[in-house]
Amino acid sequence: MAKILIIEDEVKLGSVLAKYLQTEGFSVEVALDGPGGLEAAREGKPSLVVLDLMLPGMSGLEVCREIRRTSNVPVIMLTARAEETDKLVGLELGADDYVTKPFSLRELTSRIRAVLRRYVPEQPRDGRLVCGDIEVDTSARAVTVGGQGAALTPAEFSILTLLMENPGRVLTRLQILDAAFGDAFEGYERTVDTHILNLRKKVERDPSNPEHIVTVYGVGYKMAPCPAPDRGGGDRA
Ligand code: CA
C-alpha cells in the first residue's frame, strides 16, 4: 500500500484529504507544520509527499529543498493561484507536480496516482535497464549504446545507472555524488558536471545537444523519460 504524507497546516483540509485518500486505498500520515513534515518525510518513508507551500515554521519550498537533499520521494505541491513564482521555484527545487487550490479531491488523487505510476520502476529488475538505444546490464556492469559496447569509468557507470533507474526524475548533484561515491561532499558538486560531460560523450548521439541526460537548470540532471516501447503512446507522462 502506498503511503502518502500530507504536510498541510489547515487542519480541516488535512483531515478531509486524509480520509479521502484512505478510502482510495492509501495509507496516510498528516503533518501540520514544516519541521514536523520534514521529520515525517525522513522518518516515515512515505511513497509520496503532498506539500502545502504556505506553512508555519518553515515554508513549503524550504521543506522541499531539504527533502531533496536526501530523498527522491515524489512531491506534489499545493499552491494558491497567486503563488505562480513559487510554483516554478518548487519545480526547480525538485517537486514533481503541483495542484492549485482550490482543487477537487478526485483531481489530487489522480495526480497522486499518475506521479506514483511514473516513478514506480516498470522495468523488470533482472539487472537490465533500457532507455532508447542505451542498455545497462547492472550485474555485468556493462553498457551498450546502439548495440556497441561503451567503456565507462566506475563513477560514470554509477551515475548512468542511477539516472536510468529514475527516468524523468530530477536528481541533485549531491544525490548523484552520493550514489556515485557513497558519500556526498558539499562543495564537490561541480565534479558531477565533469562526469556528466564525459558520460554524454559516450552515450549521447550529439553530446552538445543531449537527448537522454538532460540538465535541469539550478538543480541537477535527469534522464529524459524513455519512450515505452510496448505501449502505444498516449499515456500521460
Ligand atoms: Ca497552508
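Lys45 is exposed in this predicted model, with a relative accessible area of 66% (exposed means over 50%, buried under 20% and partly exposed in between, with a 1.4 Å probe and protein chains only). Lys45 is found in the loop between α2 and β3 and, although not a glycine, has a positive phi of about 45°. A positive phi, of about 50°, also occurs at the non-glycine residue Arg141, which is found in the loop between β7 (134-137) and β8 (142-145) and is partly exposed at 49% relative accessible area. Helices (H or I, at least four residues) and strands (E, at least two) are DSSP runs numbered from the N terminus.

Five strands form an open sheet with parallel pairing in the order β2-β1-β3-β4-β5, where two strands pair if DSSP finds at least two bridges between them. Because β2 (27-31) and β5 (97-101) stand at the edges with a single partner strand each, one side of each is left without a neighbour in the sheet. Strand β4 (residues 75-80) pairs with β5 in the parallel sense over five bridges, and Thr79 stands opposite Thr100 in β5. Helix α2 (residues 34-43) packs on the sheet and touches β1 (3-7) and β2, its direction making about 165° with that of β1 (contact means heavy atoms within 4.5 Å; axes are lines fitted to C-alpha atoms, for helices over the stretch in contact, and angles run from 0 to 180 degrees between N-to-C directions).

A cis peptide bond, with omega about -5°, joins Lys101 and Pro102, the latter lying in the loop between β5 and α5 (105-119).

Residues are numbered from 1 along each chain as its sequence is written, and side-chain values use heavy atoms, with hydrogens and water left out. As the model is predicted, local features need pLDDT of at least 70 and side-chain atom pairs count only at pLDDT 80 or more, whereas totals for chains, interfaces and linings use all residues.
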